[in-house]
Amino acid sequence: RLLSVLRRRCDIAGKRLSGPGLAAEGRVLRAVLYVYHSRLLRHRPYLALKQVEQCLKRLWKMNLVGSLETLVELIPKKTVCEAHAECLVPSQPVLETVALKVLGGCKLILRLLDCCCKAFLLSVKHLCSKEFILLNTVASGLLSRLWFVIQYRCVLQTLTSLYGALWTVLHLVSETQQMPYIRGFTFPSDTSDFLGVNVSSEAKKQKAKMLTTKKSTSWMKKLFPAMPEAVSKVGKKRKSETCTSAMKNHSIACPVDIGETVV
């Protein structure tokens, strides 16, 4: 029963880590950093975006998805376990290696969420100061999507539940046959002891910070003041008249300028 639970949680964690959303946001982030590399080397939101990219790079380089797939291959299927009184299970070194990677992945994703939150707040702050409007608009949208993808797909929560199943199986295997591979480190029974924070409460704090950012919703009104109603009606009327005349004169050889001056 424990092995089937472990297999199922490994499959879920692998799918959520290798999903298209996280990879797509990573590609967009790299493209944005590439475009603005030579212009904004000392701009604070740009440096914060570099930290987010560094966390994503480390997450991919540790190859956690590959380790989970290897572990799934070593876990016997349910039919095999039921058919035989005894079956082969993953050894203690394999379980310890994957458990250590899962702990490292939890730490990296927690750091990634924190960097996303800080970079988002910086982007909004500089956006309200009317600095690098295009970059900060793109960055704030990108960071909020990346944060939302991780939270919505419950990547961190999935890894914490996976570690719980891993720790239980590792404890039973080590009692059966002692073959310690990682020495000088005691595996915690709960990820909260290793991370130092509660995952759900930390996510709620970050969400509250991002939603209650000062002036985060009014920057568009400041940059683009509302047009008076009378002026907007005149503009709409002129635009419709110009479009009508342009359609009538469509057969004329000379080009027609249908643009109107912005009031």
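Mentor: Ground rules come before the questions. This is a predicted model, in which local features need pLDDT of at least 70 and side-chain atom pairs count only at pLDDT 80 or more, while totals for chains, interfaces and linings use all residues. Residues are numbered from 1 along each chain as its sequence is written, and side-chain values use heavy atoms, with hydrogens and water left out.

Trainee: What is the average pLDDT of the protein chain?

Mentor: The average is 77, and 74% of the residues score at least 70. The scale is the predictor's confidence in each residue, from 0 to 100. Helix 4 has the highest confidence, at 90. Helix 12 (residues 229-248) has the lowest, at a mean of 52.

Trainee: Which residues have a pLDDT below 50?

Mentor: Residues 249-259 do. Beyond near neighbours in sequence, that stretch has 3 contacts in the model. Where pLDDT is low, the predicted coordinates should not be read in detail.

Trainee: What makes a segment a helix here?

Mentor: A helix is a DSSP run of H or I with at least four residues, and a strand is a run of E with at least two; both are numbered from the N terminus. By that rule the protein chain has 12 helices and 0 strands.

Trainee: Why is L95 called buried?

Mentor: Buried means under 20% relative accessible area, exposed means over 50%, and partly exposed lies in between (1.4 Å probe, protein chains only). L95 has 0% relative accessibility, so L95 counts as buried. The residue sits in helix 6. Neighbours within four places aside, L95 is in contact with L6, L71, P90, L166, V169, L170 and V173. Contact means heavy atoms within 4.5 Å.

Trainee: Why does Q92 count as buried?

Mentor: Q92 has 4% relative accessibility, so Q92 counts as buried. Q92 is also in helix 6. Residues up to four places away aside, Q92 touches L170, V173, S174, Q177, Q178, M179 and P180.

Trainee: Why is F185 given its accessibility class?

Mentor: F185 has 28% relative accessibility, so F185 counts as partly exposed. F185 lies in the loop between helix 8 and helix 9 (191-195). Leaving out neighbours within four places, its contacts are L100, L103 and F194. L100 is 85 residues from F185 along the chain, with 9.8 Å between the C-alpha atoms.

Trainee: Why is N63 not called buried or exposed?

Mentor: N63 has a relative accessible area of 43%, so N63 is partly exposed. N63 is in the loop between helix 3 and helix 4. Phi of N63 is near 55°, a positive value in a residue other than glycine.

Trainee: Which residues of helix 4 are buried?

Mentor: L64, G66, S67, L68, L71 and V72 are. The buried residues of helix 4 pack against helix 1, helix 6 and helix 8.

Trainee: What makes a set of residues a nonpolar core?

Mentor: Its members are buried Ala, Val, Leu, Ile, Met, Phe, Trp, Tyr and Cys residues, joined through side-chain atoms within 4.5 Å. The largest such core has 63 residues. Those with the most contacts inside the core are L6, V52, V102, I109, L159, L162 and L166. Helix 6 gives the largest share of this core, 17 residues. As for L159, residues up to four places away aside, L159 touches A13, L17, L64, V102, G105, C106 and I109.

Trainee: How do you know that a site is a pocket and not a cavity?

Mentor: On a 1 Å grid over the protein atoms alone, a cavity is a set of points where a 1.4 Å probe fits but cannot get out, while a pocket is an open set with protein on both sides within 12 Å along at least five of seven lines. Lining residues have an atom within 4 Å of a point. The largest pocket is lined by 15 residues, with V89, V169, L172, V173 and T176 nearest its centre. Helix 8 gives the most to that lining, with 4 residues.
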